[in-house]
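Please look over the structure below before reading on. A few questions will then walk through it.

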Amino acid sequence: MKPDLFEAPDYYNIDDLLTEEHKLIRDSARDWVKRDVSPIIEEYAQKAEFPKQIINGLAEIGAFGPYIPEEYGGAGLDQISYGLIMQEIERGDSGVRSTASVQSSLVMYPIWKYGTEEQRKKYLPKLATGEWMGSFGLTEPDHGSNPAGMVTNFKDMGDHYLLNGAKLWISNSPFCDVAVVWAKNEEGRIHGLVVERGMEGFSTPETHNKWSLRASATGELIFQDVKVPKENLLPNKSGLGAPLGCLDSARYGIAWGAIGAAMDCYDTALRYSKERIQFGKPIAGFQLQQKKLAEMITEITKAQLLALRLGQLKNEDRATSAQISMAKRNNVDMAIKIAREARQMLGGMGITGEYSIMRHMMNLESVITYEGTHDIHLLITGLDITGINAFK
């Protein structure tokens, strides 16, 4: 097993802008990834399996609901801490970060923000420890970029709701204990419902044959006349803005996470270029390779500053959805381009599982699509700066 020699680039001394607590939290996550993720992740990606044994470790480093208040089992951390944890986890693997993102921003966040006190006390502590794992049901087979078109629905049956429909491309679904599901009521209004494993008519078939996020469990959520107790409705926010609020939190985490993937590709390419001898000298001594490396570190540095400023705005509750959208699009685009360039620098070795680059590159093909595609985020920025809606 190759040792994890990763050294994080910090070209602009951004560490100077972090608190000692931020650095301690980040370094704890980094050490955990080096010890518990890096040695096994290639094997699990090759066999397309999620390593469930890391769930406890994710909980221990605070990856599940880091900003959730301590009274509900969270770590009570700020948004920059959340971002740094996501950066380090995705440095290990985007699929593992997806698992943490879903648990934190798409399951715990809506229960915390939109749920009752009873729901918070019932679900959040067990989700924070990883005893229960969650999934988030928004995307449907025929409704991806247009979630308002969803057909999943529920009817009031007097003493319970009757839920019908299906959700697709759901991280954690094959092993989730609870799912936060978005569905329309009889008036067509979108609401969140907490659906629990074991409810009759609720099934979670796994999606196979993926070339991306292979170390992450992906599947469907299928509801066939599922009886959902009325106390499982999230009452404090409805409409499309409710799930989009969750996505804002998750997209923010992705903006940080993608930096981790880019850092890993850059660090791998830099180290390889110093060791690989061609034409009598290390390839790091050739102009075209130096151009690639210089552009990589420049783009990583810009993304770091973008994410840090966004984190400051999030801490002040001033970050807009459009600002989060910009950072998600820019940073994932940056990471996937760096992965492709780094792969070329390693030549044939770049496609093998001996190095992490090809795995990152395939993973990022999903990250650039999910929670708002690259093009959709461009249109969100376009709408924000022009005031003209190009979606319709």
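This is a predicted model: local features need pLDDT of at least 70, side-chain atom pairs count only at pLDDT 80 or more; totals for chains, interfaces and linings use all residues.

Residues are numbered from 1 along each chain as its sequence is written, and side-chain values use heavy atoms, leaving out hydrogens and water.

Q: Are H6 and H9 roughly parallel or roughly antiparallel?
A: Helices are DSSP runs of H or I, at least four residues, numbered from the N terminus. The axes of H6 (residues 241–275) and H9 (residues 357–367) come within 10 Å and cross at roughly 155°. Axes are lines fitted to C-alpha atoms over the stretch in contact, and angles run from 0 to 180 degrees between N-to-C directions. Angles over 145 degrees count as roughly antiparallel, so H6 is, relative to H9, roughly antiparallel.

Q: Which residues of H9 meet H6?
A: Contact means heavy atoms within 4.5 Å. From H6 come Ile254, Ala261, Asp264, Cys265 and Thr268. Their partners in H9 are Ile357, His360, Leu364 and Val367.

Q: Which residues does isoleucine 111 touch beyond four places in sequence?
A: Residues up to four places away are not counted here. The list includes Arg120, Tyr123 and Val180. It also holds Gln119, Leu124, Leu127, Val194 and Leu234.

Q: Is isoleucine 85 buried or exposed?
A: Isoleucine 85 sits in helix H3 (residues 79–92). Leaving aside neighbours within four places in sequence, isoleucine 85 contacts Ile25, Ile61, Gly62, Ala63, Pro66 and Leu77. Buried means under 20% relative accessible area, and exposed means over 50%, with a 1.4 Å probe and protein chains only. Isoleucine 85 has a relative accessible area of 0%, so isoleucine 85 is buried.

Q: What is the relative accessible area of threonine 301?
A: Threonine 301 lies in helix H7 (residues 287–315). Not counting residues up to four places away in sequence, threonine 301 touches Tyr11, Tyr12 and Ile14. Threonine 301 is buried, and its relative accessible area is 5%.

Key:
Helices (H or I, at least four residues) and strands (E, at least two) are DSSP runs, numbered from the N terminus. Angles under 35 degrees count as roughly parallel, over 145 as roughly antiparallel, 65 to 115 as roughly perpendicular and the rest as oblique.
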